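Subject: Structure handover

Hello,

Please keep the model open while you read.

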Amino acid sequence: RWYTQAGTPSVRASGRYDAAARRYELTLSQSTAATPGQPTKEPFHVPVAVKLLLRDGTPAADERVLSLTEAEQTFTFDGVPSEPVPSLLRGFSAPVKLVVDRSDADLAFLASADDDAFNRWDATQQLSSRVLLALAERVGAQPAADLALPAPFVDAFRATLTADELEPSLRAYSLTLPDYSTLSQEVDTVDPDALLGALRFTRRALAEALRPELTELYRQLSPEAAQPFGVAPEEVGRRRLRNLCLSYLSRLEDAPAIALCREQFAQATCMSDSLAATAALAPIECAERDEVLGEFYARAKANKEELVINKWFTVQASTDSADALDTARALMAHEAFDMTNPNRVRSVVNVFAANPAGFHVA
């Protein structure tokens, strides 16, 4: 049926725990929307990999693969000592849309304790979206001093940040907040100022709450002085996670954070680290930002690296700042800007059009 029926099935999951019988029942149901020529669909055979996790993070039972072959089935797990949180569809066991109602507490738990890479990331993204959208509803009506992040949300971020057993790239992706484009798809009426305000507040609040952990991890991930540049997955992950830490710390916009960005730019041995330091400084009005932008451009110009100059334009045109429009106009007057060069135009005009802070400014 995966070959003869069109469409992607949706699988809905719900659970019920019987404390007296120490039994957990997981009910799975599936449905697939009608498509041209196929108004009704027969049930697919959907393998659903499941692990039940107890609140202390230990598994209630080994991972099982459940075969969902009917419109609805209930699966029973015996000998479960307390109410578990199910980790579902582990390892992409089937290409379906999973629909499950989870509380904020359950999402925070999975975001900090699930040992399945995708599920942990997905729980973090869902929880982050809820927090950001709730803040967006209040950010314009309340003083910033009255806003606060939920403690379980911060704790989940801290757990991932300090989870040394996790692969660095996974930690970086899990700690990356949903962006403006993603959040705007979750609301009926898009309010750019509210969404951007929520994102700004959350990034800074996380940086303030987790500054010791972010700083320590950044230092741990710093390359050795004699270490050559490498493209092995673990090295790419290390750079990705380190640069994410720098991005959060730069949101504090204080002297130590600015100095850290300046130091990374001066010591960078690859484009990833140079660009990350430049992007982190770009929204901050300070002498260090002007120095780094000047050095970045001068180096690219001297080496006749046109693609690197495009990156230099892109970093500035995408900056989340109040003067984004003035910046874009100034870039179009720069000596290196060429209206007859499509890639150069894209690096400024197209990038600015996708910059909500500038393009949607009131």
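Helix α9 (residues 255-267) packs against helix α11 (residues 287-302) at an angle of about 15°, and their axes lie 10 Å apart. Helices here are DSSP runs of H or I with at least four residues, strands are runs of E with at least two, and both are numbered from the N terminus. Axes are lines fitted to C-alpha atoms, for helices over the stretch in contact, and angles run from 0 to 180 degrees between N-to-C directions. The two helices α9 and α11 are therefore roughly parallel to each other (angles under 35 degrees count as roughly parallel, over 145 as roughly antiparallel, 65 to 115 as roughly perpendicular and the rest as oblique). The crossing of α9 past α11 is left-handed, a term used if the near helix is turned anticlockwise from the far one by less than a right angle, with right-handed used if clockwise. From α9, Ile 258, Arg 262 and Phe 265 meet Glu 288, Glu 291, Val 292, Glu 295, Phe 296 and Arg 299 of α11; contact means heavy atoms within 4.5 Å. Sorted by class, this contact of α9 with α11 has four nonpolar, no polar and five charged residues. Ala, Val, Leu, Ile, Met, Phe, Trp, Tyr, Cys and Pro count as nonpolar, Asp, Glu, Lys and Arg as charged, and the others, Gly among them, as polar.

A note on the source: this is a predicted model, in which local features need pLDDT of at least 70 and side-chain atom pairs count only at pLDDT 80 or more, while totals for chains, interfaces and linings use all residues. Residues are numbered from 1 along each chain as its sequence is written, and side-chain values use heavy atoms, with hydrogens and water left out.

Two further helix pairs follow. The axes of α1 and α3 come within 8 Å and cross at roughly 10°, so α1 and α3 are roughly parallel to each other. Their crossing is left-handed. Ala 108, Ala 111 and Ser 112 of α1 make the contact with Pro 152, Ala 156, Ala 159 and Thr 160 of α3. In the contact of α1 with α3 there are five nonpolar, two polar and no charged residues.

Helix α3 also packs with α6, at an angle of about 65° and with the axes 11 Å apart. The crossing of α3 and α6 is right-handed. Phe 153, Val 154, Phe 157 and Arg 158 of α3 are in contact with Thr 202, Leu 206 and Ala 209 of α6.

On a 1 Å grid over the protein atoms alone, a cavity is a set of points where a 1.4 Å probe fits but cannot get out, and a pocket is an open set with protein on both sides within 12 Å along at least five of seven lines; lining residues have an atom within 4 Å of a point. Grid points are joined across faces, edges and corners, and a volume is the space filled by probe spheres set on the points.

How many cavities of 30 Å³ or more does a search of the whole structure find? The search finds one. The largest cavity has a volume of about 50 Å³. Its lining consists of Phe 157, Leu 161, Leu 175, Leu 206, Leu 210, Leu 214, Leu 244 and Tyr 248. By class, that lining has eight nonpolar, no polar and no charged residues.

The largest pocket has a volume of about 1600 Å³. It is lined by 49 residues, and Arg 203, Ser 247, Arg 251, Ala 279 and Ser 318 lie nearest its centre. Helix α8 gives the largest share of this lining, eight residues. The lining of the largest pocket has 24 nonpolar, twelve polar and 13 charged residues.

The second largest pocket holds about 320 Å³ of space. Of its 19 lining residues, Leu 98, Phe 118, Asn 119, Asp 122 and Gln 126 are the closest to its centre. The largest share of its lining, six residues, comes from α2.

Regards
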